[in-house]
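The following note sets out points for a colleague to consider alongside the coordinates. Please read it with the structure in view.

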Amino acid sequence: MSSTLCNLHPPFTFPIQQTRISLKSHYRIDLFRHKNSQLQFFNSNRRFHHHSSIKSVSVNGYPVKKEEEGSLKRYEEGWLKKWVEFVRYILPGGEWWRLSNEGVDGVIVAKPVTVLVALKRMWELIAQDRWVIFTAFAALILAALSEISIPHYLTASIFAAQSSKIAVFHQNVRLLVLLCITAGICSGVRGALFGIANMILVKRMREQLYSTLLLQDISFFDSETVGGLTSRLGSDCQQVSRVMGNDLNLIFRNVLQGTGALVYLLILSRPLGLCILATCVTLSTIMVIYGRYQKQSAKLIQEITASANEVAQEAFSLMRTVRVYGTEQQELGRYRKWLEKLAGISLRQSAAHGVWSFSFHTLYHSAQVIAVLMGGMSILAGHITAEQLTKFILYSEWLIYSTWWIGDNLSSLMQSVGASEKVFQLMDLSPSDQFTAKGSKLQRLMGRIEFRDVSFHYPSRPEVPVLQHFDFVVCPGEVVAIAGLSGSGKSTVVNLLLRLYEPTNGEILIDGYLLKELDIKWFRERIGYVGQEPRLFRMDIGSNIRYGCSRDVSQRDVEWAAKQAFAHDFILSLPNGYQTLVDDDLLSGGQKQRIAIARALLRDPSLLILDEATSALDAESEHYVKVEKPNILVKTVHNLYSNLLLLHCK
Ligand SMILES: Nc1ncnc2c1ncn2[C@@H]1O[C@H](COP(=O)(O)OP(=O)(O)OP(=O)(O)O)[C@@H](O)[C@H]1O
């Protein structure tokens, strides 16, 4: 009789004569009837570990032999192994708790920052207003001392009343009232001042981060995303803001009160005090592990939130494309992917909090039981009085709760420190050389432009050369057009001329001077530039035209520029004329281009660069756009076969 091994479910195998059966699921109803054999196998919607049904299996009337029993044993062992593995997987420290950063693109991978370093950095930001912190700490100490004294006088009052010591009772009550008032006032002052310190910290942090980001090289913005950076400014700074107002404040308060309670406990009864101390040390150890985990998860949450923001920001800004192509579900899916990752980490965070709470409550109640047990025995032995034991229990509760608060706030502090890492790393970026170097200013910009043997590749794509040994001269008063296929590098020439990027080789000269040695702010003030897709700021049209103009301009100047750009008429046709609020979505492409041209002309530039600036205009409108003032016009226009760059001399 030959037998075939058939797979029931890995890792279980079952030898049945000339029969092959397979089980596909642990749960489904599986019914096997083999025509020629008497094998009948019922597994009625139960997990496949019902030994009795397996043991009763027979093949062709013969009972299952030893070999099969061995298989069953393996089956049982397999389940046991799986359970053990499962339990190991979910127990604290198991694989389930691992925080995976898969898919999180950390362009700038933040260096870990210790709590002390983070606090030092925060102190530097707030040091200017140190009086707020010092006063807050003074109030904190007074409040903590008052609060910690209350249980002592409370118990003393009760026992004084019980033993009819009226004078002592009155004195204790008076002290209690004083302590309550002091604790109340000081807690209020403490809360308010730490809140103010918090506000100052976040404001300075955002200010400093924003100003650092604004001064970065353009290549920095090629590698960072808008969603990511706004997330650093928004949620990361907000997370850090909890440090002063919440975490530090409460940690210090509880450290003070906890220490006071501990000293008091040791004075009352050393053995009992040491017993409570041991509980607190155990709690602190768990707290440190928990705090580390929270820091790690907070860092990851910041990264994932930034990635989710990027996706949402991209979809909102490209809403028209999303709608036309009907990709709402696809976008929702992209966003949901990050939300699921976020939920996974938050779930682990909550589970960790649960483990921490469980440890705390178990230890807390055990300490209470031990205190009552040992305290009761001490009373019976005449070592302490009932009043002392009452005080002891009140203070041991206080100590344990202080440890709990410290643990909770320390974990929150760790989360804030985790979130601060990337913020500090970005704040440490040095500004672009263009803002630090002192360049020279020429008496007048004549407008001779020379590209000498210029080669260039974008920093984000070093392997793709865009310009190679490019030579190019424009004399003052010339109009020059550069023609080239799409992607051939015309806008790149403009980018180099505006010094948004530095050539990798060769040099650019303006009126015979090296561009990199000129004061770049002075040079840019003399340039009017209209890009391929001009963007408008969310402000009124008049302010959009005035944007970036360093000289004083009147409404007449603005209207003059608008007329030159053939924009005046359409602006007047809008409900509020020049005061109409616009943004990138509220005007047509051609209208935006005309406003951008007006903006460039209002500066009265020596050099005007138009990079396909009229590509969205109809032929008639383009004809009416008058660019007479500037000395030079660099213009890129679009035709069917190529793009054209023009350079004009007056
Ligand atoms: N910020 C950037 N980072 C990396 N590569 C870039 C960047 N900007 C442009 N490029 C690449 O540089 C090359 C030249 O681009 P450029 O915009 O100068 O072309 P163009 O001639 O102005 O094209 P078009 O007429 O289509 O506007 C292209 O291959 C483009 O993909």
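1. How are H5 and H11 oriented to each other? The axes of helix H5 (residues 166-214) and helix H11 (residues 386-427) cross at roughly 50° and come within 9 Å, the axes being lines fitted to C-alpha atoms over the stretch in contact, with angles from 0 to 180 degrees between N-to-C directions. H5 and H11 are therefore oblique to each other (under 35 degrees is roughly parallel, over 145 roughly antiparallel, 65 to 115 roughly perpendicular, and the rest oblique).

2. The model is predicted: local features need pLDDT of at least 70, side-chain atom pairs pLDDT 80 or more, while totals for chains, interfaces and linings use all residues. Residues are numbered from 1 along each chain as its sequence is written, and side-chain values use heavy atoms, without hydrogens and water.

3. On the H5 side, Met 205, Gln 208, Leu 209, Thr 212 and Leu 213 meet Val 423, Phe 424, Leu 426 and Met 427 of H11 (contact means heavy atoms within 4.5 Å). The residues of this contact comprise seven nonpolar, two polar and no charged.

4. Helix H10 (residues 328-380) has 53 residues and should span 78 Å at 1.5 Å a residue; its end C-alpha atoms lie 75 Å apart, which agrees. Gly 382, which follows H10, has a positive phi near 80°.

5. The protein chain has 19 helices and 17 strands (DSSP runs, with H or I of at least four residues for helices and E of at least two for strands). Of its 650 residues, 45% count as buried, meaning under 20% relative accessible area with a 1.4 Å probe, protein chains only.

Key. Ala, Val, Leu, Ile, Met, Phe, Trp, Tyr, Cys and Pro count as nonpolar, Asp, Glu, Lys and Arg as charged, and the others, Gly among them, as polar. The expected span of a helix is 1.5 Å times one less than its number of residues. Buried means under 20% relative accessible area, exposed over 50%, partly exposed in between (1.4 Å probe, protein chains only).
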